[in-house]
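Colleague: I would like to learn how to read ring pairs and strand pairs in a model. Can we go through one together?

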Amino acid sequence: MPGYFAHIHEDVKIEISGKRTIIGKLIDCGLDIVVVFDGEQFFYIPTVHIQHFTIDPTSNINFDSKMSSPIRNETDTISFRKILNNAKGLFVEIYVTGNLSLHGYILNILNNYFTFYSPVYKLMFIALEHVKWLVPYNDAQTPYSLRAHELPLNPATISLSRTLEEQLKKLEGKLVVFDIATTPRHIGLLRKAEQNMVELVTARNEIVYWNQKHLKTVHLP
């Protein structure tokens, strides 16, 4: 990724999918991820979602080389999957879709999705390919100022499949919520999941067929 490596320690303006913009100092990059510090937080951004970036001479982000992100990296190179693994158990903010970010912590990382515990949505399944950014909390912070006993360490009791497609198959016959209920058609009874399509029955008994490749998050109400 010569385009990113050439601008390490420069202030950049990055536009990502969903018309979101992040301004900060580019402090690290790997084959499929960059790390930007905006003066307060570290943004881990998968490069697949970067639409374009420019050098921003107007910003003046102060970054002390002694500062380090709560996500530790034991090797010289970083990757999206390594960062997710190192972030397991840490409180993080994850942005995937809509106007809301998800707050909680990563539990398990599978082939093409990971499980995530949110105090609001509880156990969630999140497609790896749709994560736009990940921001670790500072050590002293917790989501919504909740106390430790209100954030269970092992909340998942459901058996997990290797892929999100297989996991959706296990959810047949259950009420589900897709993409944090961006529309009413994201909520319903999952009647069937096969051949990369999901058949969902909404509250008004409308049948909606969703392409599994475009589903970003799944959780049970």
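Modeller: A search of the whole structure finds 10 aromatic pairs. Rings of Phe, Tyr and Trp (its six-membered ring) pair if their centres lie within 6.5 Å; planes under 30 degrees apart are stacked, over 60 edge-to-face, the rest tilted. One of the pairs is Phe42 with Phe63, edge-to-face at 6.3 Å centre to centre and 85 degrees between the planes.

Colleague: What does the pair of Phe42 and Phe63 tie together?

Modeller: Phe42 lies in strand S4 (residues 42-46) and Phe63 in the loop between strand S5 (50-55) and helix H2 (80-87), so the pair ties together parts 21 residues apart in sequence. Helices (H or I, at least four residues) and strands (E, at least two) are DSSP runs, numbered from the N terminus.

The model is predicted: local features need pLDDT of at least 70, side-chain atom pairs count only at pLDDT 80 or more, and totals for chains, interfaces and linings use all residues. Residues are numbered from 1 along each chain as its sequence is written, and side-chain values use heavy atoms, leaving out hydrogens and water.

Colleague: Which rings are linked into a cluster?

Modeller: Ring pairs link Phe91, Tyr105, Tyr117 and Tyr137.

Colleague: How do strands S1 and S2 pair?

Modeller: Two strands pair if DSSP finds at least two bridges between them. S1 (residues 11-16) and S2 (residues 20-29) are antiparallel, with six bridges. Ile14 has Ile22 in S2 as its bridge partner. The two strands form a hairpin with three residues between them, and Gly18 in the turn has a positive phi of about 90 degrees.
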